[in-house]
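User: I am new to this structure and would like a close look at its salt bridges. Which residues take part, and where do they lie?

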Amino acid sequence: MPRLSGGMRVNQAIERRVMRAAEYIVANGATVRQTAKVLGVSKSTVHKDMETRLPQLSGALAKEVAAVFLRNKQERHLRGGEATRRRYARLRGSGAE
């Protein structure tokens, strides 16, 4: 089995990353993008971790993450609209946020 520096097995490192990401998502209601940025991994990695690996490690935590993702998906049009409003307010020079 390949090992990382510090003697940790690769699978252990992946499991730690998956659990850390899941706990971050649940605790902060974070999006995939936010989680990827905090962990320093790609969005694809976060998706793969949450959809494939997490259910094998913790079914209960996987359900909590799925609930957060569902809420984020339902709210994303609001976040996009708010970002567009701020952008055009800034372009008009009003500075209203």
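**The salt bridges**

Analyst: Arg 53 is partly exposed, with a relative accessible area of 26%, where partly exposed covers the range between buried, under 20% relative accessible area, and exposed, over 50%, for a 1.4 Å probe and protein chains only. The model is predicted, so local features need pLDDT of at least 70 and side-chain atom pairs count only at pLDDT 80 or more, while totals for chains, interfaces and linings use all residues. Residues are numbered from 1 along each chain as its sequence is written, and side-chain values use heavy atoms, with hydrogens and water left out.

Arg 53 forms a salt bridge with Asp 49, their closest N and O atoms being 2.5 Å apart; a salt bridge here is a side-chain nitrogen of Lys or Arg within 4 Å of a carboxyl oxygen of Asp or Glu. Both residues lie in helix α3, four residues apart, about one turn of the helix, helices being DSSP runs of H or I with at least four residues, numbered from the N terminus.

Asp 49 also pairs with Arg 17, and the closest N and O atoms of that salt bridge are 2.8 Å apart. Because Arg 17 lies in helix α1 (residues 10-28) and Asp 49 in helix α3 (residues 43-57), this pair ties together parts that are 32 residues apart in sequence. Asp 49 counts as buried at 1% relative accessibility, whereas Arg 17 is partly exposed at 24%.

Methods. Helices (H or I, at least four residues) and strands (E, at least two) are DSSP runs, numbered from the N terminus.
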